[in-house]
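Hello,

Here is the structure I said I would pass on. My notes on the ligand site come after it.

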Amino acid sequence: MPDIAKDQLALDGARQFAGREHGLFIDGEWREPRSGSSFETFNPGDGSRIGRAAAGGEADVDLAVRAARAALDGPWATMKPSERARLLWRLADAIEAHADEFALLETLNNGKPLRDARMFDVPHAVEVLRYNAGWPTKLNGESVNLSGPGTWHAYTVREPVGVVAAIVPWNAPLAMAVAKTAPALAAGCTIILKPAEQTPLTALRLAHLMAEVGFPKGVFNLVTGLGEAAGAALVAHPGVDKVTFTGSTEVGRLIVKGATVNMKRVTLELGGKTPVIVMPDADINRAIEGAARSIFTNAGQICNAGSRLFAHESVFDALVEGVADFAGKLRVGPGLDPDTQMGPVVSAEQKARVLSYIEAGLRDGAKISGQGSAASGPGYFVPPTVLTGTNPQMSVVREEIFGPVLCAMSFSDRDLDAIAAQANDTDYGLGAIVWTQNLSAAHKLARKIKAGTVRVNGGGLDPALPFGGFKQSGWGRENGREGVEAYTEVKSIAIAL
Ligand code: NAI
Ligand code: MG
């Protein structure tokens with residue numbers, strides 16, 4: 001039984017935190033932005049204002065970069081790997097100890113169902129920290145045998161890449177902030193985090209914990225602000241050695257251009273248009289539920305959402321009917337309502353964007369084969385929607401919608417090359433999901449698909465499994481060894497003996 005009085009107290013606490021006067025966290029201190037300006041933040045569940053955050057600009061970014069540089073060259077550089085590990089682990093414990101508060105803040109600010117914030121976002125952030133806490137003590141180079149004349153002792157070392165700017169989106173604000181921060185700090189870098197302007201709250205709470213658990217000043221800095229101001233200033237700053245970004249392909253392109261100023265290292269996690277392939281031998285009930293969850297979870301605002309369904313014609317009707325039925329029964333509502341299964345999208349802008357995609361699809365000849373109801377009320381609700389009659393020329397099939405909209409298509413071919421060609425007919429290459437009981441088809445399809453992650457018969461994110469995109473879905477990988485090594489430079493040292 002939920003304890004309603006305790007829940008109300010926790011919610012009051014979260015609202016109080018949201019309504020505080022928030023500054024920028026730079027060099028271990030909370031400071032007012034140089035501009036003196038701030039921006040409002042909203043609860044997508046009812047459209048109400050819940051707080052303001054400081055709008056950092058160029059001057060604030062410059063201060064943060066200097067602080068990060070000083071920390072990088074200072075105490076952080078000489079700290080033992082095991083001490084960095086302990087700090088990361090301590091941060092994980094601190095987030096876990098405040099899990100309810102983080103979940104409430106995430107739901108208040110992003111709109112997602114509280115149950116999802118509690119079961120996924122917060123525990124995932126904790127797991128990512130603990131996973132990465134294992135790396136500082138294991139980031140070794142290797143000794144190398146050289147073939148030139150003479151006798152050599154040659155080896156490599158991995159050094160931190162330097163000052164990192166992390167620019168993150170609003171769909172999983174805490175998880176994204178930690179996905180960048182944990183490996184960067186594990187590798188010995190220092191960081192400036194810029195959360196999305198829609199969702200600054202959990203990042204602000206995280207900054208308070210950073211200080212509490214004992215990270216030296218300047219190791220972690222938080223600059224809230226708008227993308228075109230704070231974000232762009234980080235990308236342009238010559239003191240930033242690496243930008244790590246998750247967001248739109250459009251901004252990804254701007255970052256690549258901006259990074260040339262000092263040849264910053266760049267990691268990009270961009271959009272996706274993940275295909276869900278259902279073979280005729282699949283376990284249909286599991287495939288229906290998996291397909292529905294993969295597009296309706298987080299109201300479809302997941303880069304890896306299964307947004308294109310390809311089902312064999314023998315199972316297509318059953319699939320569409322099943323997913324449409326799932327959509328029809330979904331309880332859409334504010335994230336704080338315990339009955340809610342799908343929340344609103346993050347903003348009025350995002351709502352307009354998703355609805356305009358549905359309209360464009362209908363204009364192009366698609367039809368709605370199933371649609372749930374959007375909750376009434378002032379929140380940014382959109383109905384979970386299944387479109388059929390779509391084809392690869394339509395914008396709903398080609399472009400990332402980032403909403404609860406599934407485009408269902410069928411295939412008659414059993415030739416795996418032809419099936420993979422359909423799945424690969426996209427500019428994106430982040431993920432793919434295959435439903436089949438045929439082991440051989442599963443392995444063969446996995447190799448033919450051009451995407452960074454292929455999942456067969458289910459599965460989610462894991463901090464140990466590299467994640468990232470082929471094609472226009474990005475550059476580089478997060479998670480796993482690749483994820484932490486992306487925050488290092490390899491140095492080769494050769495000594496003539
Ligand atoms: P966005 O790419 O503009 O925002 C993501 C982050 O980039 C935010 O922190 C933002 O402040 C920052 N940013 C924006 N402009 C910038 C600039 N010029 N320089 C540096 N940083 C900048 O994404 P937006 O506009 O919120 O959403 C638009 C679409 O992008 C969505 O509909 C979705 O398709 C896609 N998107 C994909 C995400 C993913 O997880 N791959 C996450 C968020 C959005
Ligand atoms: Mg944008």
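The model is predicted: local features need pLDDT of at least 70, side-chain atom pairs count only at pLDDT 80 or more, and totals for chains, interfaces and linings use all residues. Residues are numbered from 1 along each chain as its sequence is written, chains are lettered from A and ligands numbered from 1 in the order written, and side-chain values use heavy atoms, without hydrogens and water.

Around ligand 1 there are 27 residues (a heavy atom within 4 Å), and the closest are Val 168, Trp 170, Glu 197, Ser 248 and Glu 400. By class, 13 are nonpolar, nine polar and five charged (Ala, Val, Leu, Ile, Met, Phe, Trp, Tyr, Cys and Pro count as nonpolar, Asp, Glu, Lys and Arg as charged, the others, Gly among them, as polar).

α9 (227–236) gives the largest share of this shell, three residues; β10 (242–246), α10 (249–258) and α13 (348–363) each supply at least two. Helices are DSSP runs (H or I) of at least four residues, and strands (E) of at least two, numbered from the N terminus.

Ligand 1 lies between domain 1 (4–270 + 474–493) and domain 2 (275–462), because both give residues to its shell; the bounds come from an automatic or database domain assignment.

An oxygen atom of ligand 1 is 2.7 Å from a side-chain N or O atom of Trp 170, and an oxygen atom is also 2.7 Å from one in the side chain of Glu 400. At Leu 270, a polar backbone atom is 3.0 Å from a nitrogen atom of the ligand.

Regards

Key:
A polar contact is a pair of N or O atoms within 3.5 Å; within protein, one must be able to donate a hydrogen and the other to accept it, and residues adjacent in sequence count only if both atoms are side-chain atoms.
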